[in-house]
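The exercises below are to be worked with the sequence and the coordinates side by side.

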Amino acid sequence: MSTTRATDTPDVSVTVIVHNDAERLPRAVASVLRQTHANLEVVISDDHSTDATEKVARELAARDPRVVYLRLPENSGGCSAPRNRALEIARAPYLMFLDSDDELPERAVEVLLAAHRARDLDFAMGAVHRIRVDGGRRTTWMPHLVAEHRTLEGIEADPRLFFEHLATSKMYARAFLDRHDLRFPEGIHYEDQLFSAQAYCLANTFTVVPEPVYRWYVAPYAASATASISNQRHLLTNVRDRVHVQRLIDTFLAESGHESLREDKDFKFLKHDFRMYAGDLPYRDDAWLSSFADIMTPYLDTLAPGAYARLPRAERVVLQLVRDRRLSDVRLAARGLGHDVAPRRITPDATDGRTYWGEGVPDSAPARRELDLTDLGLDTRPFFSARLRHEITEITRGPGASIDLTLRTYDPALRLPVGPQRASLLLSPGRRRLTVAFRLCPVRPGVFEGHVRLDLAAARLPLHGFEGVRHPVLRLRHQAQTHTGLLLAPLSFPPLTARVPYRAGTTPHRVRVEPEGHNPGRLQIRWHPVGTTAAVLRPAAHHLATPRIKRAAHLAAAILRA
């Protein structure tokens with residue numbers, strides 16, 4: 001541990017945990033040192049890194065007396081041990097936690113400390129900004145929970161806060177943690193979920209502030225070796241770890257006298273934790289799905305019925321199909337989950353007038369309850385909101401920059417009239433939409449098939465070019481109403497690439513047609529400007545089209561024509 005320490009007692013100790021992250025650690029530490037409230041200390045808690053982290057951390061500690069370096073004697077394999085060891089040496093009455101790949105906004109400490117000083121709180125919490133590293137898109141984590149400044153007398157005042165289970169979005173009073181001997185559970189993953197559930201239940205008073213207090217950098221498509229634990233959902237050990245921590249939370253609720261919160265916590269598990277896996281289920285094979293059901297079903301059987309009743313019907317269907325081990329149907333039902341995609345078939349029951357998901361009337365009472373689609377009004381709802389399903393069954397390269405698609409539309413409630421249907425594919429990489437008309441012909445009742453050629457060179461792109469991703473949609477008209485639905489691609493196919501050549505007023509582009517790779521699994525088309533024009537024009541895609549940029553664009557186009 002670094003021996004140089006500031007002599008004055010800091011107001012806040014911020015623990016930065018790190019393991020083999022020498023590159024990003026300086027950014028995290030710098031975000032703490034530039035806080036508007038400067039009387040703080042930084043404890044770098046190194047989980048026995050084997051890269052250059054130790055060297056980098058010691059250099060950071062040597063530069064600023066507020067920085068302390070702590071190195072664990074062996075790797076713990078999780079976040080809890082480095083946090084707990086840092087707690088043993090932290091000197092401040094208020095505590096925060098930061099991961100080495102994230103940052104604190106400049107006023108995070110100031111804002112949370114002000115909340116503590118305004119009231120006698122056990123902890124204060126604020127908004128978390130999630131930032132996609134693959135494009136910079138910024139969103140607020142659970143925005144409805146942090147929309148306004150409020151002080152709560154216990155979690156019972158708003159059990160929805162179970163959804164905000166991050167330990168890093170909060171500033172804790174040291175006295176609160178010590179009074180309850182509250183520390184991070186070691187030897188498990190998803191430790192934040194248990195720690196936060198305990199903190200919520202044990203706290204008498206806590207304050208929520210709407211200001212951002214944490215920047216969470218998200219790499220959703222990182223390689224398996226570098227993906228965060230939350231993004232390792234393809235591992236069955238990950239499923240076991242998540243279920244294990246839920247059981248620990250359930251035990252805590254029962255033993256601490258908070259059993260009344262069980263339904264709210266169960267709803268959070270179904271709506272958030274299980275839902276994260278559900279979107280991936282179409283991509284899993286039978287062996288994986290069978291093991292998933294083995295792990296998940298015994299725990300699902302313990303959850304409060306009221307938690308299931310609060311879910312959207314589509315999510316209840318997936319859950320029941322998992323519990324019934326209908327593995328092929330699980331993949332179908334999870335495809336397009338959250339996007340109002342219809343099943344391929346439904347079954348009306350003449351005996352009770354109910355309508356059920358899939359083929360056949362369910363045998364058991366729980367399955368009949370969960371697979372019952374009657375309340376969706378599939379045969380009566382307005383056509384613009386009808387439940388249809390559009391799948392690409394074949395995709396091949398056409399001439400030039402075109403692709404040939406074979407499409408199949410499922411209309412399980414028989415909303416479309418008998419006979420061929422006029423349909424259109426819509427694609428909008430620029431302001432002007434590309435529309436390609438074609439016909440869907442009946443195969444059998446409720447199933448239509450069609451063929452369409454989509455010429456990507458026909459898309460009207462902006463003058464400055466277009467760099468980005470678009471997903472074509474399918475539109476149908478019936479009884480003066482239009483229905484627009486997403487287009488499900490094959491789950492995997494070799495990407496197709498083409499070059500869209502220069503055309504008067506445009507820049508050439510490289511176009512890639514690929515599967516989306518994650519739920520809902522749409523057909524995805526990616527444009528990338530290329531050539532001399534692109535090098536000059538690309539800045540215009542990120543700024544307003546000023547006269548100077550417009551002149552540069554026209555000049556570049558003239559150069560290319562010459």
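A residue is called buried under 20% relative accessible area, exposed over 50% and partly exposed in between, with a 1.4 Å probe and protein chains only. The model is predicted, so local features need pLDDT of at least 70 and side-chain atom pairs count only at pLDDT 80 or more, while totals for chains, interfaces and linings use all residues. Residues are numbered from 1 along each chain as its sequence is written, and side-chain values use heavy atoms, with hydrogens and water left out.

**Exercise 1.** Determine which residues of helix α4 are buried, and what covers them.

Solution. Helices (H or I, at least four residues) and strands (E, at least two) are DSSP runs, numbered from the N terminus. In α4, which spans residues 108-118, the buried residues are Ala 108, Val 109, Val 111, Leu 112, Leu 113, Ala 115 and His 116. Their cover includes the strands β1 (12-18), β2 (40-46), β4 (94-99), β5 (123-132), β8 (170-173) and β9 (206-218).

**Exercise 2.** Describe how helices α11 and α12 pack, and which residues make the contact.

Solution. Axes are lines fitted to C-alpha atoms, for helices over the stretch in contact, and angles run from 0 to 180 degrees between N-to-C directions. On that basis α11 (residues 313-323) and α12 (residues 327-334) pack at about 165°, and their axes are 8 Å apart. This makes α11 roughly antiparallel to α12, a label for angles over 145 degrees, whereas those under 35 count as roughly parallel, 65 to 115 as roughly perpendicular and the rest as oblique. Contact means heavy atoms within 4.5 Å, and here Val 317, Val 318, Leu 321 and Val 322 of α11 meet Asp 329, Val 330, Ala 333 and Ala 334 of α12. Arg 325 is found in the loop between α11 and α12, where its phi is near 60°, a positive value in a residue other than glycine. With 38% relative accessibility, Arg 325 counts as partly exposed.

**Exercise 3.** Trace the pairing of strand β13, and decide whether β13 is largely enclosed or open.

Solution. Two strands pair if DSSP finds at least two bridges between them. Strand β12 (residues 389-397) is joined to β13 by eight bridges and runs antiparallel to it, with Glu 394 opposite Thr 406. The hairpin of β12 and β13 has four residues between the strands, and Gly 400 there takes a positive phi near 65°. β13 also pairs with β16 (residues 447-455), in the antiparallel sense and over nine bridges, where His 451 is the bridge partner of Thr 406. Eight of the nine residues of β13 (residues 402-410) are buried, so the strand is largely enclosed by the rest of the structure.
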